[in-house]
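Please look over the sequence and the model together before reading on.

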Amino acid sequence: MATAFLLLMGVLLPYQGEFWPFNKKKFMKMNGAECSHHSECVSDCCLMDLNNRGALCAPKARVARLCLPQTKGSINIICPCQWGLTCISKDPTCSRRCHLI
């Protein structure tokens with residue numbers, strides 16, 4: 001019986017499709033939901049909410065928007081850029097913005 005179970009798990013474990021009970025995306029939070037770490041959010045950005053003294057999932061920054069690189073910490077002050085954009089400052093006196101490079 002144990003051997004059959006292990007064989008079945010060996011077949012199902014690599015699958016991890018939509019109906020897999022441990023599917024990570026199923027439990028991820030949408031934008032606007034409370035969070036405590038950026039990995040909880042679909043957007044991968046848990047933004048500090050100073051008004052409510054908490055944090056909310058927020059979308060990543062688009063082209064020419066303010067940004068900060070993703071930190072190792074759990075909560076962001078400003079979200080990092082969307083995929084394919086780079087967070088740089090083209091002028092030392094200006095803050096960082098998302099640019100297509």
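Of the contacts in the protein chain with a separation of 6 or more, 33% are between residues 24 or more positions apart; contact means heavy atoms within 4.5 Å. This is a predicted model, in which local features need pLDDT of at least 70 and side-chain atom pairs count only at pLDDT 80 or more, while totals for chains, interfaces and linings use all residues. Residues are numbered from 1 along each chain as its sequence is written, and side-chain values use heavy atoms, with hydrogens and water left out.

The protein chain has one helix and four strands, in the order α-β-β-β-β along the sequence. Helices (H or I, at least four residues) and strands (E, at least two) are DSSP runs, numbered from the N terminus. Of the 101 residues in the protein chain, 23% are buried. Buried means under 20% relative accessible area, exposed means over 50%, and partly exposed lies in between, using a 1.4 Å probe and protein chains only.

Start with the strands S1 and S2. Strand S1 (residues 46-49) runs antiparallel to S2, and four bridges join them; two strands pair if DSSP finds at least two bridges between them. S1 and S2 form a hairpin with four residues between them, and Arg53 in the turn has a positive phi of about 55°. Cys46 stands opposite Cys57 in S2.

Next come the loops. Most residues other than glycine have a negative phi. Asp44 is not a glycine, yet has a positive phi of about 65°. Asp44 is in the loop between H1 and S1 and is partly exposed, with a relative accessible area of 28%. Ala64, in the loop between S2 and strand S3 (85-88), also has a positive phi, near 70°. The relative accessible area of Ala64 is 44%, so Ala64 is partly exposed.

Cys45 lies in the loop between helix H1 (2-12) and S1. Is Cys45 buried or exposed? Cys45 is buried, because its relative accessible area is 0%. Not counting residues up to four places away in sequence, Cys45 touches His38, Leu56, Cys57, Ala58, Lys60, Asn76, Cys79 and Pro80. One of these, Asn76, is 31 residues from Cys45 along the chain, yet their C-alpha atoms are separated by 6.7 Å.

In soluble globular proteins, nonpolar side chains tend to be buried together. A nonpolar core is a set of buried Ala, Val, Leu, Ile, Met, Phe, Trp, Tyr and Cys residues joined through side-chain atoms within 4.5 Å. The largest nonpolar core has six residues: Ala61, Cys67, Cys81, Leu85, Cys87 and Cys98. Apart from it lies another core of five residues, including Cys35, Cys41, Cys46 and Cys57. In the largest core, Cys87 is in contact with Cys67, Leu68, Pro69, Cys81, Arg96 and Arg97, leaving aside neighbours within four places in sequence.
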